[in-house]
Amino acid sequence: MRSSFPVLAAGLLIACKSLLFVVPSAAPRSVAKALKQDGINSAASQPSFDACSLAATAAVALTAAAVASRRSVTAAGRQSKIVRQARGGDAKGALVVIAGPPAAGKGTQCEKIKEQYGFVHISTGDILRENVKNGTELGLKAKGFMDSGALVPSELIVDLVKDRLTQDDVKEKGCLLDGFPRAPDQAQAMVDAGIKVDKFLLIEVPDDTLVERGCGRRLDPETGDIYHLKFKPPPEDVVERLVHRSDDQEEAIRSRLKIYHEQIDGITPFFKDQVYRLDGTSKPDEVFGLVTNGLSDL
Ligand code: AP5
């Protein structure tokens, strides 16, 4: 018994130190800080056995709490994975739709989401504008609809989006789908094609705020940056080259808003378990906080 004591003590000490390395990273900051204040999470410190047993008890309690609290997140994550597997079988990345009325801040939030989550950003509005600029057949067909604030016919855009969603970068990194589906028949086309959505972010902003945001918006054609004359003034050196979108006149914005309100209630039922509504009226960084809450279970 006497000869086994040093071995037992050494074993306890090693176990205790191991726990102390594990606890701070897994524990809430306040607990880690409390342990640190007790002077027992430094590798250089020599903890007493009392301190060790305290830390071990705390570690066991924290582990149990962490397991319990992560169970629901894990279940949601598992659900998302099942959904992704259903989309083409081998898709590893999530499919996130970002929706909302014109000028709600979808493009602004997409920049932030891309940076944080690494998704491929697919904007049907950007694709169509690029086609208009390049005078392609699609662009020539779409231009009149876009200038007046109407939706382009779904048959011009659905196959293009479906093809894009099957490409490898999207399957690997996940996708942020901006501006699609825009009508119930587009949502139906996604369902028919077996395209499953992991999250449907819906940004909500009152109409009058949207008119002000749209009228003041300016785009940098070289960098793609989005500015607003009042809310996000552009730097002096880029002002000359900024573009005012042809559909960013008040009349066209009001017409886009009317169409949006007519369509959205026919779209959300297709994604009722994935819809996450968020208030888009505060500053872009605050809105982004709400977006990250919405994406926390992916
Ligand atoms: P699209 O390009 O998709 O336009 P949209 O949905 O009308 O959205 P916007 O690009 O106008 O606004 P946004 O929400 O991205 O806002 P942003 O971040 O720029 O579509 C254009 C057209 O293409 C359609 O009308 C249609 O014709 C056609 N089309 C596209 N997809 C289609 C489809 N699937 N089917 C059929 N037709 C389709 O922000 C706006 C301004 O507000 C900026 O100046 C910004 O700086 C500012 N801002 C942003 N956030 C904030 C904030 N939190 N506080 C203050 N200011 C802010």
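**Whole chain**

Keep in mind that this is a predicted model. With everything displayed, the protein shows 12 helices and seven strands. Colour by burial: of the 298 residues, 29% are buried. Among contacts with a separation of 6 or more, 73% join residues 24 or more positions apart.

**Helix 12**

Select residues 284–294, which form helix 12. Which residues here are buried? They are Val 287, Phe 288, Val 291 and Gly 294. These four lie on the same side of helix 12 because they cover an arc of only 105° around the axis. Now turn the view to the face directed away from that buried side; Asp 285, Glu 286, Gly 289, Thr 292 and Asn 293 are the exposed residues there.

**Helix 4 against helix 12**

The axes of helix 4 and helix 12 come within 10 Å and cross at roughly 60°, so helix 4 is oblique to helix 12. The crossing of helix 4 past helix 12 is right-handed. Show side chains for the contact: helix 4 supplies Thr 108, Gln 109, Lys 112 and Ile 113, while helix 12 supplies Pro 284, Val 287, Phe 288 and Val 291. Sorted by class, this contact of helix 4 with helix 12 holds five nonpolar, two polar and one charged residues.

**Helix 5 against helix 6**

Move to residues 124–133 (helix 5) and 137–148 (helix 6), whose axes come within 8 Å and cross at roughly 115°. Helix 5 is therefore roughly perpendicular to helix 6. The crossing of helix 5 past helix 6 is left-handed. On helix 5, pick Leu 128, Asn 131 and Val 132; on helix 6, pick Leu 138, Gly 139, Ala 142, Lys 143 and Met 146. Together these make the contact, and the residues in the contact of helix 5 with helix 6 divide into five nonpolar, two polar and one charged.

**Gly 144**

For the last stop, stay in helix 6 and select Gly 144. Is Gly 144 buried or exposed? Gly 144 counts as exposed, because it has 10 C-beta neighbours inside 10 Å. Finally, draw a distance from the C-alpha atom of Gly 144 to that of Val 132: the two residues are 12 apart along the chain, and the separation is 9.9 Å.

Technical notes: Residues are numbered from 1 along each chain as its sequence is written. This is a predicted model: local features need pLDDT of at least 70, side-chain atom pairs count only at pLDDT 80 or more; totals for chains, interfaces and linings use all residues. Axes are lines fitted to C-alpha atoms, for helices over the stretch in contact, and angles run from 0 to 180 degrees between N-to-C directions. Helices (H or I, at least four residues) and strands (E, at least two) are DSSP runs, numbered from the N terminus. Angles under 35 degrees count as roughly parallel, over 145 as roughly antiparallel, 65 to 115 as roughly perpendicular and the rest as oblique. A crossing is left-handed if the near helix is turned anticlockwise from the far one by less than a right angle, and right-handed if clockwise. Two residues are in contact if their C-beta atoms, placed from the backbone, lie within 7 Å. Ala, Val, Leu, Ile, Met, Phe, Trp, Tyr, Cys and Pro count as nonpolar, Asp, Glu, Lys and Arg as charged, and the others, Gly among them, as polar. A residue is buried if 20 or more other C-beta atoms lie within 10 Å of its own, exposed if 12 or fewer, and partly exposed in between; C-beta atoms are placed from the backbone. The arc is that of the directions from the helix axis to the C-beta atoms.
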